[in-house]
Amino acid sequence: AAVGAPDDLELLKGVGPKLNALLVSLGVTRFDQIADWGADDIAEVDQHLGNFKGRVERDNWIDQAKLLAAGDTAGFEAKYGALGSEIDKG
């Protein structure tokens with residue numbers, strides 16, 4: 001269960017509005033939740049991803065979430081690119 005205010009999950013590369021809504025519907029609202037996922041958690045979420053199945057591992061959501069949960073913006077951006085870069089393009 002999430003403890004604390006929700007994070008902006010769309011900061012994770014590979015998560016857009018549809019996946020964000022799906023994650024929230026599954027009770028996932030924080031980076032620290034995703035950072036703590038193990039194989040069973042990934043399999044559980046994967047069941048709900050439909051066409052996006054495999055995205056958790058393919059896009060390294062757990063590693064991304066660990067960096068963001070720790071507040072390591074510089075580490076995240078060094079590895080995955082600027083935060084909000086997709087938003088800025090619009």
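With which side chain does the side chain of Arg30 make a polar contact? Select Arg30 and Asp32 together: the two side chains make this polar contact at 3.2 Å. The model in the viewer is predicted.

Arg30 counts as buried because its 16% lies under the 20% limit.

Next, display the residues around Arg30, leaving out those up to four places away in sequence. Arg30 then touches Ala2, Val3, Gly4, Ala5, Pro6, Asp7 and Leu9.

**Stop two: the largest nonpolar core**

Now turn to the nonpolar residues. The largest nonpolar core has 21 residues, and the members that touch the most others are Leu23, Ile34, Trp37, Val56 and Trp61. To see where the core is drawn from, colour helices H1 (17-25), H2 (31-35), H3 (39-46), H5 (61-69) and H6 (73-80), which each give two or more residues to it. H5 supplies the largest share, 5 residues. In soluble globular proteins, nonpolar side chains tend to be buried together.

Within this core, select Trp37. Setting aside neighbours within four places in sequence, Trp37 is in contact with Leu23, Val28, Ile42, Val45, Val56, Trp61 and Ile62. Among these contacts of Trp37, Leu23, Val56 and Trp61 are also listed with Trp37 as the core members touching the most others.

**Stop three: the other salt bridges**

Select Arg55 and Asp59 for another. Their side chains meet at 3.0 Å, N to O, and Asp59 is partly exposed, with 21% relative accessibility.

Finally, select Lys79 and Asp63, whose closest N and O atoms are 2.7 Å apart in a salt bridge. Lys79 belongs to helix H6 and Asp63 to helix H5, so this pair ties together parts 16 residues apart in sequence. Lys79 is exposed, at 54% relative accessibility, while Asp63 is partly exposed, at 26%.

Key: Residues numbered from 1 in each chain as written. Predicted model: local features only at pLDDT ≥ 70, side-chain atom pairs only at ≥ 80, totals over all residues. Heavy atoms only, no water. Core = buried A, V, L, I, M, F, W, Y, C linked by side-chain atoms within 4.5 Å. Buried < 20%, exposed > 50% of the residue type's maximum accessible area, 1.4 Å probe, protein only. Helix = DSSP H or I, 4+ residues; strand = E, 2+ residues; numbered from the N terminus. Contact = heavy atoms within 4.5 Å. Salt bridge = Lys/Arg side-chain N within 4 Å of Asp/Glu carboxyl O. Polar contact = N/O pair within 3.5 Å; in protein donor to acceptor, adjacent residues only side chain to side chain.
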